[in-house]
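Keep the 3D view open and turn it as you read.

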Amino acid sequence: MSTHDQHGRGRTGPRLRRTRLLATAGAAALVLTAGLATPLAPAAPQARAAEGAQGKKVLTVAVAQSVDSLSPFLAGRLLSTSVHRLMYEYLTNYDPKDAHVVPALATEWEPSPDKLTWTFTIRSDSKWSDGQQTTAEDAAWTLNKMMTDEGAATANGNFVTNFAEVTAPSPTQLVIRLKKPQATMTALDVPIVPKHIWEKVDDFSKFNNDKSFPIVGNGPFVLTDYKPDSYVRLKSNKSFWRGAPKFDELVFRYYKDQDAAVAALRKGEVSFVAGSPALTPAQAASLKGEKDIRVNEGPGRRFYALATNPGAQARNGEKFGDGHPSLLDQRVRNALFMAVDRKTIIDKVFQGHAVEGQGYIPPRYPTYFWKPSASQELAYDPEKAAELLDQAGYRANADGRRVGKDGKPLNYRVLCHATDPNDKAVGKYLKEWWGKLGIGVTLDCLDNVTDPWLAGKYDLAFDGWSVNPDPDYVLSIHTCAALPATPKDTGATDNFICDKTYDELYAKQLAEYDPVQRADLVQQMESRLYDLGYMNVMAYPNAVEAYRTDQIESITTMPAEAGNIYGQDGYWSWWSAVPANSGDSSDSSTSTGVVIGIVAGVVVLAGLAVLFTVRRRATAEDRE
Amino acid sequence: MTAEATPAPAEGAAADPGTSGPAAGRGPRARSGAAYLRYVAGKLAGAAVSLLAVLVTSFFLFRLIPGDPVKFMTGGRPVSAQQLAAYRREFGLDLPMWQQFTHYCGKALTGDLGTSYQFRAPVIDKIIEALPNTLLLTGTAFVLYTALGIVLGTRSAWRHGRLGDRLNTGLALTLYSVPSFWLGLLLIIVLSVGVGPIPGLFPTGGMESGGKEGFAYAVDVAHHLVLPVVTLVAVEYGQTLLVTRSALLDEMGGDYLTTARAKGLRDDLVRRRHAVPNALLPTVTLIFVNLGRTVAGVILVETVFSWPGLGGLFYQGLSVPDLPLVQGLFFVFASAVIVMNTLADLLYPLFDPRVGR
């Protein structure tokens, strides 16, 4: 074979190839351009989020949590129940200022003198979105369904366990007869559904309410469309009795990654980012000072506590688990908490985005908030903690380690959530602080803490609950009645606390219909819980969220002054949000940017193609 | 002529269930139909056994996950003891393990994968809902990274040791080692939000903007597809590239290539018609392994780009643990791998006549 021949053919090769390569590059550029071009048509992203296709004002909220069910009888997750708050009116609502109970579907309510019958007056100016009138019959049917159908009791059955009978003697009158007095009757957080729609449902345990849209409701918004893990779309209910929302549409869009959600806010794709449960300090810091973005920080609903195992037991008196016996001594529990520097936890772990813990109920709810008096307070005092431990008989040995009654050095297992960075960080501090007292700490960080927790196989544990405006539930989980029936069962108990004094106070507050006296009883319970030292509240984490001021002009926070926006008790934020008159100044610059981007992309591709061709020609000749 | 020069086929897929490496043929040279049928039957039987094993394994595997689904689902909100008991009864968690197992098997054999605990919907519905989304993402990426890997791998091998090869493999290795979620976030920041003079060209996440139909919808989805696909292609093509490159390098010393050149064939033709087809077997194995994986989704990329696919669904199932959902998904994922491996086994004889003889 002659080399000449080889070269001759070799030259046609590259030429052919060059054409092919150019064609490929061209096609790629085309695809890129096609992908870019169309969505640009409805104008710039900033304007797109705030304004829909037909000039509609759209409020877009970035969320991460999947909808578990759109049926109010099944849904338990925060996102789903928040959406239900918007779709269906409840009997009562909570004032955005201080969370006291205000009228909603019920305009007024009255208990009977024997405390066993409650009569609610149902408003006559609330209509379902299909035009039918909302009546007391809808409410009675909803509650009766939950009392008689196990499937319908799935999500909210706990609200009706004490109900004896529910009737609607007239379209505006709902009468509930109780088995025993219940002070939480104005806090029935149950969506009332239209009877004429829901009576057609056969199996409430399987019906998810997500097949036909729009979904008939009577709340401030009507759900018009839903695609799992893509979006939940609602439109404003123009005939809502409290007045129509100012935004025409409310869209919850999914961003499974919080950094991506923050990016979407920065870009203007969404108007609001809540974070789950809050933006990280780094995210908040990066958004602060950004143009048209406001970082909103308000008191949260959660408390963050260190729970102590009081010796797990069942209602039948059987003990189980393996909590450290030294923790049964109140002095030890108090000493441990006194060696915890709460201020450092707020400053270093929460980086200032939390409030120092005191009583069980967060200060967000002023009616029930309680804090210890100066003499009662277990303030940070490591020296006093050491004294208390000495008094309790846990003295240090020659190595400086405190020794238990069995002669072994004290070492506590602390159960922590592997998914919660706060737990891990606080755990490290505990090691240091308790180590100085002469006590060892083993951090058990698990993805799923429920197994050891339910089995009582821990000494201490990081704990936290979200508190509702009516604190009954978070109080009830520390009563003896909440213990599991036998060690094999699961009870509603949080960490096996069973205290007679506390139980008596709990029963009293549940039967106390006078709000002031009930609040006093609740505060006494918090005081008792504080002294017992089984639930040591370290902090109340803040809600940290952000929104675009060029899309949302104003929005109601809860509490009204410096409160939070996402996950309120009520629909105040989205109902009250006022759209901003978005200036479209960014349009032209973005479009220009896009054009520049496309040109740059094509140039890069063309450059690559040329480079390839040249290289190819060079090497074809080198070969052989 | 080419077949004689082919090395024994790689047994890359041997570790996967349902696949045993194709045995080198012995005995009579002519391929007999009966032998091939026997080969096929053997492979199919193996696949069936594997599927059955997966069915049984998936039941027990996920019961090892610590955690109480009922406690997780009701965690943090008010529930009464009656409600907890009702949950357990409804999910069948109050039954002894063996009874749960027989129920599961009975249902599975009739194609019923049960009802998801958390979504209260048939598992099969949840899978069908998310499967097309995942296939669109991983399928598109698969085609692109396979093509890119083969083309660049071939180039690299043909000019191995040169600057181009070094750059090529260097870049591929770098991208292959980059964590996909990190690359994804970087792309979001640069190409979606925009940095400096670079404008935000693509959506930050999701699969659609919503409210679009027909062609506009398709374009909208394509627009959302760009960044996740680019991320996947970037981190995945390196594997195909390296496998193709090394397989081709093994071939390059082959006498038959010298013969082909001696016949006067152009270099391009030598590569395309002689070297590459013989070097492709390991790549084919890899292609089928990748194809089986496309169903399982790509959890990290799906999360970063909020793509509503199977990967995300599996993650949600695991965190509960939503036993019927994870069992069902595991079964589907494993089946896809088994089916693809079996398919690869059945196709090997076409690439290498000695297999299955």
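This is a predicted model: local features need pLDDT of at least 70, side-chain atom pairs count only at pLDDT 80 or more; totals for chains, interfaces and linings use all residues.

Chain A has 624 residues, and 46% of them count as buried. Its secondary structure comes to 17 helices and 20 strands. If you take the contacts in chain A with a separation of 6 or more, 69% of them are between residues 24 or more positions apart.

Four strands of chain A form an open sheet, in the order β4-β5-β7-β6, and their pairing is antiparallel. At the edges sit β4 (106-111) and β6 (163-170) of chain A, and each of these pairs on one side only. Going from one strand to the next, the twist averages 20°. As background, strands of a sheet pair through backbone hydrogen bonds, either parallel or antiparallel.

Here are two of the pairings, each with one pair of facing residues:

| Strand pair | Bridges | Direction | Facing residues |
|---|---|---|---|
| β4(A) and β5(A) | 5 bridges | antiparallel | A:E108 and A:T121 |
| β5(A) and β7(A) | 5 bridges | antiparallel | A:T119 and A:V175 |

How many residues lie between the strands in the hairpin of β4(A) and β5(A)? There are 5 residues, and in this hairpin A:K115 takes a positive phi near 70°.

Helix α4 (residues 136-148) of chain A lies across β5, β6 and β7 of chain A, and runs at about 160° to β6(A). Which residues does A:A139 touch? Leaving out residues up to four places away in sequence, A:A139 touches A:L91, A:L105, A:I122, A:A168, A:L174 and A:I192.

In general, nonpolar side chains tend to be buried together in soluble globular proteins.

Finally, look at where the chains meet. Here 59 residues of chain B are in contact with 61 residues of chain A. On the chain B side, several helices each supply at least two residues, among them α9 (214-252) and α11 (267-296). The residues on that side of chain B divide into 25 nonpolar, 22 polar and 12 charged.

Methods
Residues are numbered from 1 along each chain as its sequence is written. Chains are lettered from A and ligands numbered from 1 in the order in which they are written. Two strands pair if DSSP finds at least two bridges between them. Axes are lines fitted to C-alpha atoms, for helices over the stretch in contact, and angles run from 0 to 180 degrees between N-to-C directions. Two residues are in contact if their C-beta atoms, placed from the backbone, lie within 7 Å. Ala, Val, Leu, Ile, Met, Phe, Trp, Tyr, Cys and Pro count as nonpolar, Asp, Glu, Lys and Arg as charged, and the others, Gly among them, as polar. A residue is buried if 20 or more other C-beta atoms lie within 10 Å of its own, exposed if 12 or fewer, and partly exposed in between; C-beta atoms are placed from the backbone.
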